[in-house]
Amino acid sequence: MRPLTSAVLALCLSTAALAADQPADTTNHCGSRAEGDHRPRIGLVLSGGGARGIAHIGVIKALESAGVHVDCIAGTSMGALVGGFYALGMPVDEMEEIVLSLDWGTMFNDALERPERSIRRKEEDRLSLNSIGVGLDRSGLTIATGVVAGQRIQAFLEKSTVAANGVSHFDQLPIPFRAVATNLNTGLPVILDHGSLATALRASMSLPAVLDPVEIDDRILVDGGLADQLPVEVVRAMGAEVVIAVNVGMPLDRLDSSANLLTVINQLTSLMTVGNTRVAIASMGERDLLITPALGTELGSADFDQGELAIQIGLDAGLALSARLAELSSSPPARERMLARDLRPVIHFIRLDNRTPYANEVILARIDVAIGQPLDMVSLESQLRVIYGIGTFASVSYQVVREHGQTGVVVTAVPKSHGPNYVQIGLALSSDFGSEFSANFRASLLLAPISPLGTEARVFAQIGSEPTLGLEYNRPLDPLSRNALLFRGFYETADIQTYDGDGNNTATYEVRQLTTRAAWVREFGSLGALNIGIRRGLGETLVATGDPALPEVSYQIGDVSAALTLDRLDNLYFPRQGYFARIGMLGSRKALGADSNFVQADLDVIGARGIGKHALQYGLRLHSTTSGTAPLQSIYRLGGRGRGIGYRRNELSGQNYAVLIGGYLYELADVLGRSAYFGGTVEFTNAWDQRSQLQLDRSVVNAGLYLGFDSWIGPMLFGYGVRESGDGTLFLEIGQQF
């Protein structure tokens, strides 16, 4: 694989030779021999190359077709993956099926599907906060070690290599095997020959700055291609007498004086990979065979969707050398070429290797492995994803092991390298390209965990049109976080516009308030939560624009509230699947310190169903002041997509409102894992001061079209909405939920 960062360049320039950072081993490991079998031992070497490494499967097909029997294998990166599977005894047709059917885009994306995330992490969507792989400690900012932790890749490798659970040394595989990684601290190659096969493969393909490094025996390991892209000397040291080496590495680019910085860095780092490959090729003798599939420059290291083509090119390259391969063919005595593939081993024990600040009970309470029963790997992987969904783990993986004649599961939990203090940022913006404009930059420092049960604290700040500063403290009361105490203290401001019947902005009020709230939260896994709390605070409304004679009011807040939320939407901004429902009630009471008594009841239901690139959306919002009269700062306000798309934000207001929504969404394109959309909604909307006016025939029909992009800085929306009177508004929104 091709390195991508200057850090890797520094590493490569510091490596001098290919001497491995472990003592030489003179024992012959390249296959056993029956009496009378004098054929030369054949070592297969498979290079790294990312998606280009899929061509190795085609080459192996050609070897089997020619009757060439491999006695030992060494591989780097993708070559280690293919070589490890083959050494395990996996039939080449099965390898091909797995590689071609795998969603590689998902493999290199550890982000948990939103419906499976914890309720705490889902709430970050509502705050428009994004984790950026940056932490904060006493020494300053800390950066994540990789874009992807490798959670999905590790799970895939564990499942694919479960047949090796009783293997302690890779010589015990049907074909002796070695994976090559690079020691990040020395730059020297590390030959992995024992332990977990899945972890060895994962280490060998840990592309720096893309995948997190892997720690094995106190060594921090990254992609083996940096030190030994084509490990010819590794199989020779195993005892191979004839080497068949397959080189699928990406050739150097041809640059000119206009090359940009990133291109130059890529080229310089590739020089090291190509350089150690040339050294390996130069070491090959007359009896050895080099196979270089004609992958060219068109099939890149990230082109996993071209797997069929890569396999065919590899097969063609092998068949083109059929005469040479025929010289190496043989009919050795029959031998076992496949491990007993017990895909559901009976489990006798479970053990936790917990490297995080969480109590063991927090992790074990979420794992249910039946002792004395066959292992359900699908169920276990699902349970580990739930733990990973807490959001502060770099990885939660498992390994099936054999110890003292028993089979067990070892679960390993590793914290994020840049934790436990995580920086999160967000942007919220809305504009009608006229009188209404609001822009706010948000930042948060999440401290998690700060107790063994997983207590979290958050400092939240917002600058821009509506400055805000807040503190939040969430304390679980049990290992499963089913019950928690939540404390919040916020100073926040909000701009509220008022409009006349013709849609003219008559005034803008600045609302400032300081509140504290204490609540009991009952979580229902990733499904939803019940939140019951009491709030106390004070505030004031000031006239920012408009008639100076308008009243300015100071007020007191004292209320109790309860809300039941169910959240299974796949996306809070551009939903394509799932549902969201919330029913809540708030009671303001003078007995709690409020200026007035009133009660509000709220119901929100949103659903979506996707079919291919298309999705239909539907929803109902029904909010009502059921008793008393809500003051200015507490009345309902509408406008914008999902709340009257033909109105500007806050253009509609009242004591009660209802919105009936029907929407359509079409995925236009996928840009580096981020989707661009075209969409539209039809909405029946209105707000009333009297509940008796809450009737469908009094609603206003709204319709709108928009373009959306689920960008890295937040969801972006640009469109036009119109209401039945003919009035409409152009709008731009960033970070505004549906």
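In this predicted model, the loop between strand S9 (214-216) and strand S10 (219-223) is where Asp-218 is found. Most residues other than glycine have a negative phi, and most peptide bonds are trans. Asp-218 is also exposed, its relative accessible area being 71%.

A second residue of this kind is Ser-77, which is not a glycine and yet has a positive phi of about 55 degrees. Ser-77 sits in the loop between S2 and H3. Is Ser-77 buried or exposed? With a relative accessibility of 0%, Ser-77 counts as buried.

The buried residues of H3 run from Met-78, Gly-79, Ala-80, Leu-81 and Val-82 to Gly-83, Gly-84, Phe-85, Tyr-86 and Ala-87. Just beyond H3 comes Gly-89, where phi is positive at about 100 degrees.

Strand S2 (residues 72-76) brings in another feature, for it contains Cys-72. Cys-72 and Cys-30 form a disulfide in which the sulfur atoms are 2.0 Å apart, and the structure holds 1 disulfide. Cys-30 belongs to the loop between helix H1 (6-14) and strand S1 (42-46), while Cys-72 is in S2, so the bond ties together parts that lie 42 residues apart in sequence. What is the handedness of this disulfide? The torsion about the S-S bond of Cys-30 and Cys-72 is about -75 degrees, so the disulfide is left-handed. Cys-30 is buried, with a relative accessible area of 0%, and Cys-72 is likewise buried, with a value of 0%.

Gly-419 and Pro-420 are joined by a cis peptide bond with an omega of about 5 degrees, and Pro-420 is placed in the loop between strand S15 (406-415) and strand S16 (421-431). A cis peptide bond also joins Ala-448 and Pro-449, here with an omega of about -5 degrees. Pro-449 lies in the loop between strand S17 (437-447) and strand S18 (456-464).

These details can now be set within the chain as a whole. The chain has 15 helices and 33 strands, and its C-alpha atoms fill a box of roughly 105 × 55 × 50 Å along the principal axes. Of its 738 residues, 53% are buried. Among contacts with a separation of 6 or more, 65% are accounted for by residues 24 or more positions apart. The chain exposes about 31700 Å², with carbon and sulfur atoms supplying 57% of that area. As for charge, the chain carries 60 positive and 78 negative charges, whose mean positions are 4 Å apart.

Key: Residues numbered from 1 in each chain as written. Predicted model: local features only at pLDDT ≥ 70, side-chain atom pairs only at ≥ 80, totals over all residues. Heavy atoms only, no water. Helix = DSSP H or I, 4+ residues; strand = E, 2+ residues; numbered from the N terminus. Buried < 20%, exposed > 50% of the residue type's maximum accessible area, 1.4 Å probe, protein only. Contact = heavy atoms within 4.5 Å. Areas by Shrake-Rupley, 256 points an atom, 1.4 Å probe, with all protein chains shown as cover. Lys, Arg positive; Asp, Glu negative; His and termini not counted. Charge placed at Lys NZ, Arg CZ, Asp CG, Glu CD. Disulfide = S-S within 2.5 Å.
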